[in-house]
Number of protein chains: 2
Amino acid sequence: MKKGLIAAALIVAASASAQVVEDFKPASTNQEGRQYPMVNSQRMVRAQILAPEANSVKLDIGGVKYDMVKDEKGVWTGESAPQDEGFHYYQLNIDGASVPDPGSKYYYGASRWGSGIDVPAADEDFYTVKNVPQGSINEVYYYSTVTEQMRHAYVYLPAEYYSNPSKKFPVLYLQHGMGENETGWSAQGKTGIIMDNLIAAKKAVPFIIVMDNGLNARPAHPAPEAQQPQQGQAGPGGRRRGNFAGAFQEVLLKDIIPMTEKNYRVIADTQHRAMAGLSMGGMQTHSITLANPTTFAYIGMFSGGTFNKQELENAADFKKTNKVLFMSCGGKERMPVVDAANDLKSIGINAYSYISPETAHEWQTWRRSLFEFAQLIFK
Amino acid sequence: MKKGLIAAALIVAASASAQVVEDFKPASTNQEGRQYPMVNSQRMVRAQILAPEANSVKLDIGGVKYDMVKDEKGVWTGESAPQDEGFHYYQLNIDGASVPDPGSKYYYGASRWGSGIDVPAADEDFYTVKNVPQGSINEVYYYSTVTEQMRHAYVYLPAEYYSNPSKKFPVLYLQHGMGENETGWSAQGKTGIIMDNLIAAKKAVPFIIVMDNGLNARPAHPAPEAQQPQQGQAGPGGRRRGNFAGAFQEVLLKDIIPMTEKNYRVIADTQHRAMAGLSMGGMQTHSITLANPTTFAYIGMFSGGTFNKQELENAADFKKTNKVLFMSCGGKERMPVVDAANDLKSIGINAYSYISPETAHEWQTWRRSLFEFAQLIFK
């Protein structure tokens, strides 16, 4: 770098940092004892890494790469623009290599295990661990007759599952989004914490939640109809989502629900069975609940589009079965969930809409959506 | 780099690669769909990363940094020397920055979340997921009266815990090593898989396993004696291990065991209570079981040193209570576990030793140690 360029860079850095409030604190998602990354009250993320021989290091968050600056010890530091409240995937870029930040914990999303950061939120109390009766998130393997392989899932059991050993519980089947997997809802989604807090506050009834993988459900012997399911039924966009929903529907109906109802104390009927999902998982929920109108009484679609009045007005079985149809999105997503709920109410569906303030297509929207949805179901 | 140096590097690379068997396959610990890192039949690890603007990239595994070589597309590739069978922590070094390999899954060890790789082992069948009755690994939070904080643990429940809802079970308290945490035994240790397979083969009786964090158990109000516990009792090296064992002992006896016996269907007596650990966790097991001779009937120390004849020959309560005292290590560790077991047998202790063939102070030693120990206890 030439001397003039260094001077120019310093001027740019100085003018930018003049606006930065120096109250950065380590993120809650950091590895134990790690100071960086940090977040300040403006919700800017500051990353730091030792890379003495690197030519260029960038902080890559929210679709933007921010240049970091090297000090005389070879430590690179840099800040992002203010981020939304809640959880974001991010990474570092070192001389063209995109790598996880060694300071953060790692989460599965964007089709990779990599760095995540939680930006403090005004309402974070609802997903903060408290000294209330604790359920558990159970990691399980089970044999799938559809894929003919062992599959991997997480099952939330509420505290009362252990303390009241004769009681049976309703079940919510809760799905992740594209590029995510069965770990998302419990790790970055904070499902167990949200539920324990809601149940302790008597805002939700205790229920079981099964979180599986909606993307790796390839049948070992695909039937012709299983390859292109629900076309025409799924409404606009049905063909693309059907490809995912069809394979997952097989596994859900033939393996996941039977495994759950066999292994756990479950009230195994329609009125005690719910399905919800975020983004792609919401689209899968849409397709699967429409194609199986008497299987689930409660339905949630978080940033996963909407049901249309047209596809439900003559769906007698669906309307008789459904108790709650919940559609949500982030305020920055501008999905027509309010209009859709009003439309559905006009044909007798008990529809709800929720818009997460000031969030986009990210986990804060979905944490809040679960928080809202969980209070409506099995009541 | 000068031309002569490049030529010299190419010669070195060529002579090394002449001995490399080109049957590399993606590691089982890779992120889904990732080709690299790979392992070949010589147990060499080959890493690869795109870093077009980097000057130097190294594979850092087993305490050695191996130079990687850049191709015309900016992709760096390099191999390690042959590694032992089993699990190893590793990382990449890009222009002086030590970072996780974006191809691997991440594990907690060496005091960081970072890359791990499983090198195939001749005996890997015992820790391979099979279609047998499956238990679960349950993630739980609980309130600690000692630290006055919420703590985090994993609890293995055998399949029969769910299928036989009136049965009570014995419990093993199983601890990790220095630089590791409560995730180690279930993730890289494969505890749940090992136990499900052993129980299905009727080689072990079903029991519960509680895996907690042995390093972060700082009492909120440390008692004077809790700050320097078990001195003199713990034998050689007792002072250093006592500092960890003392704090953890408080949490184990006052919080973890009561929490377990309250929340789960446990046979809550000495004859159905075991403690074991690896490395530092073995030393903690040593100190805690010695200081509480009537609390645990079964004791396992995996690469965690040995009990001495001198400290047990007059320990009447310990000898009356203890049913199995198991000491193991890796063959490359050369710990005197066989001599120690023989010494202890001579004073009436039911001592066992096990040496894991051709492994060092690493997880393959500890997977095998758990496999052996689990077959001896609660019988």
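This report covers the chain arrangement and selected local features of a predicted model.

## Chain A overall

Chain A contains ten helices and 19 strands. Of its 379 residues, 56% are buried. Among the contacts in chain A with a separation of 6 or more, 69% are between residues 24 or more positions apart.

## Relation between the chains

Chain B is superposed on chain A by a rotation of 180° with 0.0 Å of shift along the axis, and the RMSD is 0.0 Å. The two copies are thus related as by a two-fold rotation axis. Within chain B, the residue that comes closest to this axis is Asn138(B), whose C-alpha lies at 2.0 Å.

The interface can be described by its residues. Of the interface residues of chain B, 100% are also interface residues in chain A, so the copies meet through the same surface.

## Helix H6 of chain B

Helix H6 of chain B runs over residues 280–291 and has twelve residues. From first C-alpha to last, H6(B) reaches 16 Å, close to the 16 Å expected at 1.5 Å a residue.

H6(B) is mostly covered, with ten of its twelve residues buried. The buried set begins with Met280(B), Gly281(B) and Gly282(B), and continues with Gln284(B), Thr285(B), His286(B), Ser287(B), Ile288(B), Thr289(B) and Leu290(B).

## Arg265 of chain B

Arg265(B) sits in the loop between helix H5 (238–263) and strand E16 (273–278) of chain B. Arg265(B) is buried but has no salt bridge. The nearest side chain of opposite charge belongs to Glu160(B), 8.1 Å away, whereas a salt bridge requires a side-chain nitrogen within 4 Å of a carboxyl oxygen.

What the side chain of Arg265(B) does reach is backbone oxygen. That of Pro165(B) is at 3.2 Å, and that of Lys167(B) lies 2.8 Å from a polar atom of the Arg265(B) side chain. Not counting residues up to four places away in sequence, Arg265(B) touches Glu160(B), Tyr161(B), Asn164(B), Pro165(B), Ser166(B), Lys167(B), Lys168(B), Phe169(B) and Ile208(B).

## Val205 of chain A

Val205(A) is placed in the loop between helix H3 (191–200) and strand E15 (208–211) of chain A. Its relative accessible area is 25%, so Val205(A) is partly exposed.

Leaving aside neighbours within four places in sequence, Val205(A) is in contact with Ile199(A), Ile377(A), Phe378(A) and Lys379(A). The C-alpha atom of Val205(A) is separated by 9.5 Å from that of Pro158(A), a residue 47 residues apart from it along the chain.

Key:
Residues numbered from 1 in each chain as written. Chains lettered and ligands numbered in written order. Predicted model: local features only at pLDDT ≥ 70, side-chain atom pairs only at ≥ 80, totals over all residues. Heavy atoms only, no water. Helix = DSSP H or I, 4+ residues; strand = E, 2+ residues; numbered from the N terminus. Expected span 1.5 Å × (residues − 1). Buried < 20%, exposed > 50% of the residue type's maximum accessible area, 1.4 Å probe, protein only. Lys, Arg positive; Asp, Glu negative; His and termini not counted. Polar contact = N/O pair within 3.5 Å; in protein donor to acceptor, adjacent residues only side chain to side chain. Contact = heavy atoms within 4.5 Å. Least-squares fit on C-alpha atoms with pLDDT ≥ 70 in both.
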